[in-house]
There are 2 protein chains.
Amino acid sequence: MSSPFHPDYNPLIRKLESVFILTDDERQVLETLPMQVAVLKDRQDIVRGGDRPSRSCLILSGFACVYKMTAHGKRQIVSFAIAGDIPDLQSLHLKTLDTSIATISPCRVGFIPHEALRDLCLRYPPIGAAFWRETLIDAAIFREWVMNVGQREGVSRMAHVLCELVVRLKAVDLVEDHVCDLPITQIEFADALGFSPVHVNRVLQQMRAEGLIETQGTRLRIPDWDKLKEVGEFDPTYLHLVREDVAA
Amino acid sequence: MSSPFHPDYNPLIRKLESVFILTDDERQVLETLPMQVAVLKDRQDIVRGGDRPSRSCLILSGFACVYKMTAHGKRQIVSFAIAGDIPDLQSLHLKTLDTSIATISPCRVGFIPHEALRDLCLRYPPIGAAFWRETLIDAAIFREWVMNVGQREGVSRMAHVLCELVVRLKAVDLVEDHVCDLPITQIEFADALGFSPVHVNRVLQQMRAEGLIETQGTRLRIPDWDKLKEVGEFDPTYLHLVREDVAA
DNA sequence: CGGCCGGTTGACAGAACTCAAGTGATGTGG
DNA sequence: CCACATCACTTGAGTTCTGTCAACCGGCCG
């Protein structure tokens with residue numbers, strides 16, 4: 001159990017402040033949340049669909065993903081989780097998890113008891129509203145993913161996901177000079193986009209050829225942000241950021 | 001403005017009670033919500049993406065859909081709204097709408113001021129939790145749609161959406177003897193599933209040939225519920241119903 | 001009656017999948 | 001230290017699902 005005023009709370013507060021305006025008081029209260037920190041290796045399940053957890057997990061560092069499996073064993077990644085995200089915050093009000101969550105890269109994860117979260121929401125309604133808002137933005141992202149997977153093809157579909165990732169990473173200061181670390185494999189992109197891994201590979205090659213992205217290892221560089229946004233038809237409205245400059 | 005204790009509140013309460021346990025007191029309080037009722041023709045926008053509404057809309061009867069448009073004018077329906085649904089409840093905490101909502105059939109719609117909803121949530125935290133839960137279930141449905149559009153093909157994808165619709169209709173007593181009224185055109189299914197209208201037509205024909213569905217006009221009959229569920233890989237967990245018999 | 005809309009059908013095209021093989025980097029064990 | 005396995009990525013060839021285009025039917029409504 002880490003003590004209050006620990007830097008572990010920074011990702012949470014930075015993320016919340018990208019979509020909600022907190023008072024000094026509220027910031028301070030958030031740091032009183034009890035949290036058990038764990039260090040996880042890559043490709044490990046954090047929670048599994050069907051679980052009935054009594055706590056939610058806050059990603060402190062690293063990349064994770066929320067996914068579901070079809071009856072025939074195909075995996076759909078429904079969202080990527082980065083620092084500051086609480087990908088199973090919904091379990092606060094939905095007893096049974098309908099998704100699994102797994103790390104992609106090595107992660108530091110903080111577990112926060114539901115009881116503490118519920119208590120905080122009741123005693124500080126604005127904080128309750130902030131968490132509700134978080135889950136509503138998650139829903140908006142899922143809606144956008146439905147559209148992305150349903151209507152866009154090839155390069156456009158991939159470009160859209162990359163745009164979203166970059167903006168969300170920027171909101172928590174993980175992008176510098178149009179460069180970020182993105183330890184997501186082509187297989188994982190395939191599961192997120194509804195493509196085959198082979199197709200992802202070809203799409204990425206085409207994007208590199210067209211100067212939309214540059215990669216070396218896990219580092220991604222966006223040479224021309226406006227062009228990528230246009231190809232991906234990316235309009236960040238659905239992310240409901242309070243600092244709109246993040247998406248510019 | 002309709003008066004309290006009016007039958008207009010029945011769809012809302014019936015829907016809430018399918019996913020949340022209400023006390024008599026809470027039921028009564030819900031009926032004090034001010035609501036302006038409107039009658040709309042089919043294929044009319046109720047609200048549009050980009051709007052900043054000061055009220056949410058409750059579907060009292062009829063079918064509506066939540067949709068988004070791509071930059072190239074393609075439409076993705078991200079969910080169908082039926083009696084009891086509040087498809088833009090999220091606008092309570094997200095100022096700008098990122099989706100549009102339109103009627104499919106003629107609808108009766110109740111508009112509830114955000115102020116009244118916010119007030120109720122503050123004064124009755126369990127009701128606040130119930131509404132939060134509603135939005136979380138919406139998010140769970142979006143996640144399932146991402147998987148459906150991303151991983152399932154043809155008959156399976158269509159079967160899944162039909163299963164979901166039937167269960168949700170059953171939850172508000174709109175299914176009798178495996179028969180329901182479904183005034184959704186093939187074009188609308190196409191926009192919901194990410195198919196072309198022609199493909200929807202062929203998929204439906206195949207499903208009729210395989211005895212999965214029977215249709216006459218807008219009436220849909222499910223001759224073999226278990227078979228349809230199996231083909232659509234439908235597991236109703238994600239709907240988080242409190243009365244689980246509804247999905248049986 | 002004519003127009004319109006939703007549904008249906010056929011022929012063809014194209015996006016994406018599968019299978020299969022091969023590369024290169026990393027890591028492990030003898 | 002090298003052989004070997006593993007994993008992510010790459011490439012090619014053939015297949016399949018789904019889209020596009022186009023035409024046509026039948027019911028409904030003005």
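Reader: How far apart are the end C-alpha atoms of residues 152–226 of chain A?
Author: They lie 18 Å apart. The span is 55% helix and 12% strand. Helices (H or I, at least four residues) and strands (E, at least two) are DSSP runs, numbered from the N terminus. This is a predicted model: local features need pLDDT of at least 70, and side-chain atom pairs count only at 80 or more. Residues are numbered from 1 along each chain.

Reader: What does UniProt place at residues 152–226 of chain A?
Author: The unreviewed entry gives "domain: HTH crp-type" there. Such annotations may be inferred rather than shown by experiment.

Reader: New topic. Where is D173(A) found?
Author: In the loop between helix 5 (154–171) and strand 8 (179–181) of chain A. D173(A) has a positive phi of about 60 degrees, yet is not a glycine.

Reader: Is D173(A) buried or exposed?
Author: Exposed, with a relative accessible area of 55%. Buried means under 20%, exposed over 50%, partly exposed in between (1.4 Å probe, protein chains only).

Reader: And what is the phi of D173(B)?
Author: Near 60 degrees, a positive value in a residue other than glycine. D173(B) is exposed, at 54% relative accessible area.

Reader: Now helices. At what angle do the axes of helix 3 and helix 4 of chain A cross?
Author: Roughly 120 degrees, and the axes come within 5 Å. That makes helix 3 of chain A oblique to helix 4 of chain A. Angles under 35 degrees count as roughly parallel, over 145 as roughly antiparallel, 65 to 115 as roughly perpendicular and the rest as oblique.

Technical notes. Chains lettered and ligands numbered in written order. Heavy atoms only, no water. Axes fitted to C-alpha atoms, helices over the stretch in contact; angles between N-to-C directions.
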